[in-house]
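These are my notebook entries on a structure that is new to me. I wrote down what I looked up, in the order in which I looked.

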Amino acid sequence: MNTPAPNERGWRGSADLWLDAAYHLLVEGGVEAVKVMPLAERLGLSRTSFYWHFADREALLDGLVARWQSRNTARLVAQTEKPAQTITEAVLNLCDCWVTPELFDSRLEFAIRTWALTDAALGKTLAEADAARIVAIKAMFLRHGYPEPEADIRAHTIYLTQIGYISMRMSEPLLPRLERIPPYALTFTGKAPTPAEVDAFRARHIQASRAKSAIS
């Protein structure tokens, strides 16, 4: 039996399509906006099509939480584990998350944190994610020779600074943001990044920005 193609009669979308639409409703209007009927209307599909992919709304919400965990927590941890010759290079690798939405989705992070204020189970999951992220950042400092208490404080300082940016919904153009990050790296590590490290950091983000502009 052939599966109907998009826009054909009988097409029910896909789980990823429904999740993508739910993501947009979540970041635009919060968890209360994520309901089956508005999703169906947004996609131009029937309400019953939703149930081919998800048992209920809770299953969809679980999918959004799983997406947040894989997009934000897993990728942040991976950045802390990237090879780096110096702690400043390692911190700039981590700071890639704060500049690259594909590595760390700040809009989704804000939405999840707001949702967790009224959902105790999600609040517990969020607390576990925060702890795992801080452990990963702390391990990054330990690998570069910082004593345990200092590594712990520096990890908290980096992480809580960025969560503050997200919670306050701070927004900066790319170039001013790139200019701020090397002094932040000095503050977080006690060491200044080398000119070569700063140049490499700036270059990869400016090139990525230009590539996105060319595509759009």
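I began with a pair of helices, and I noted that α7 and α8 cross in a right-handed way, a crossing being right-handed if the near helix is turned clockwise from the far one by less than a right angle, and left-handed if anticlockwise. This is a predicted model, in which local features need pLDDT of at least 70 and side-chain atom pairs count only at pLDDT 80 or more, while totals for chains, interfaces and linings use all residues. Residues are numbered from 1 along each chain as its sequence is written, and side-chain values use heavy atoms, with hydrogens and water left out.

I then looked up the geometry: the axes of α7 (residues 120–143) and α8 (residues 148–167) come within 8 Å and cross at roughly 125°. Axes here are lines fitted to C-alpha atoms, for helices over the stretch in contact, with angles from 0 to 180 degrees between N-to-C directions. Helices are DSSP runs of H or I with at least four residues, numbered from the N terminus. The two helices are therefore oblique to each other, the class left once angles under 35 degrees (roughly parallel), over 145 (roughly antiparallel) and 65 to 115 (roughly perpendicular) are set aside.

Next I listed who makes this contact (heavy atoms within 4.5 Å): α7 supplies residues including Arg133, Ile137 and Lys138, and α8 supplies residues including Glu148, Ala151 and Tyr159.

Lys138 counts as buried because its relative accessibility is 17%, buried meaning under 20% relative accessible area with a 1.4 Å probe and protein chains only. Not counting residues up to four places away in sequence, Lys138 touches Glu148, Ala151, Asp152 and Ala155.

I turned to α6 (residues 106–116), where Glu109 lies. Glu109 has 0% relative accessibility and therefore counts as buried. Its side chain has a polar contact of 2.9 Å with that of Asn72 and another of 2.9 Å with that of Arg113; a polar contact is a pair of N or O atoms within 3.5 Å, where within protein one must be able to donate a hydrogen and the other to accept it, and residues adjacent in sequence count only if both atoms are side-chain atoms. Leaving aside neighbours within four places in sequence, Glu109 is in contact with residues among them Trp68, Arg133 and Tyr159.

Last, I noted that the buried residues of α6 pack against α1 (15–29), α4 (57–80), α7 and α8.

How values were computed:
Buried means under 20% relative accessible area, exposed over 50%, partly exposed in between (1.4 Å probe, protein chains only).
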